Amino acid sequence: MAIRPGDPDNPRLPARVASCLALAALGFLAGCGLLPGSTPPPPTAVPDPDVPAPTLFDQPWADRAIFEADLRDEQRGVLEALPEATVYHLKLELHDSLTELDAEQELLFTNQETVALDAVYLRLFPNISGGATDLLAAAVNGQAVEPGYELERSVLRLPLGEPLGPGERVVIRLSYRVQVPEGVGGNYGILGYTDEILALAHIYPMVAVYDDEGWNLEIPPDIGDLVYADSSFYVVQVTAPPDLVLATSGVEIEREESEGLRRTVYAAGPARDFYLA
């Protein structure tokens, strides 16, 4: 019920008290970023009880603050606008040969469609770019699954135990090894090792796009951009010899050296791919 002046049960507040309450309310609104012209606060991470917590990084799935440094100030509102975007966590370790790497990958996938999905499809682009992705293990929400391959092993099908309804989420965990071709690989050399340059374009299993035609899985031509992907968020750790110069998507957020190796963590997004060279 509104407080009205003259109500016997709700007398008019003294002016000093009313002023204090008004100032307190303004302070609350300012703290919440609700005043005109104020900057909205970064999204607050809220644990999702329906999905497993991440294990590769101490970085909650819903926490977007880590990606602020990768965006211009006026674009940071996009972090709140993509609550259902896929989140990738990657740990990549380069071998001394630089033509092989081991990887651990965990990703949060949300069904953004209007129909239930009985599987999630991922693209394995190295398998059609002169290299190879060898899957070692796969799990969905902590349960091991038996994947299937399609289209010259360029597509990985991960079956779901139960159909994933619209808005529902799963966590996919993968372990794999990537073989990198020596010399200029396919598609203008975006995957390959030549002239002391290691190019590692889209080397990780990438969630395929589900569009008005269903899952988009055809093999793309090798004379242009291979990637058709939704905007996603990436947290990536690269373990490599310390004398290598790394160029990546996103921004560096952490670095340490031990046992003759450098571990560097990057945050990127929203972006449709993560690139490393």
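This is a predicted model: local features need pLDDT of at least 70, side-chain atom pairs count only at pLDDT 80 or more; totals for chains, interfaces and linings use all residues.
At 0% relative accessibility, Y234 counts as buried, because a residue is called buried when its relative accessible area is under 20%.

Strand β14, which covers residues 232-240, is mostly covered, with nine of its nine residues buried. In a regular strand the side chains alternate between the two faces of the sheet. In β14, S232, Y234, V236, V238 and A240 point one way, while F233, V235, Q237 and T239 point the other way, and all of these residues are buried.

## Aromatic contacts

A search of the whole structure finds eight aromatic pairs. One of them is formed by Y88 and Y234, whose rings are stacked, with 4.9 Å from centre to centre and 5° between the planes. This pair links distant parts of the chain, for Y88 belongs to strand β1 and Y234 to strand β14, and the two residues are 146 residues apart.

Which residues join Y88 and Y234 in a cluster linked by ring pairs? The cluster also includes Y204 and F274. Y88, like Y234, is buried: the relative accessible area of Y88 is 1%, and that of Y234 is 0%.

## The neighbours of strand β14

Strand β14 is joined to β1 by seven bridges, and these two strands run parallel; within this pairing, L90 has V236 of β14 as its bridge partner. Strand β14 is also joined to strand β16 (residues 261-271), in this case by eight bridges and in the antiparallel sense, with V235 standing opposite A267 of β16.

Strand β1 (residues 87-94) pairs with β2 in the antiparallel sense over eight bridges, and H89 stands opposite E106 of β2. The two strands form a hairpin with five residues between them, and L98, which lies in the turn, has a positive phi of about 65°.

Strand β2 (residues 100-110) has nine buried residues out of eleven, so this strand is largely enclosed by the rest of the structure. Eleven bridges join β2 to strand β8 (residues 169-179) in an antiparallel arrangement, where E104 stands opposite S175.

## Charges over rings

Terms used. Residues are numbered from 1 along each chain as its sequence is written. Side-chain values use heavy atoms; hydrogens and water are left out. Buried means under 20% relative accessible area, exposed over 50%, partly exposed in between (1.4 Å probe, protein chains only). Helices (H or I, at least four residues) and strands (E, at least two) are DSSP runs, numbered from the N terminus. Two strands pair if DSSP finds at least two bridges between them. Rings of Phe, Tyr and Trp (its six-membered ring) pair if their centres lie within 6.5 Å; planes under 30 degrees apart count as stacked, over 60 as edge-to-face and the rest as tilted.
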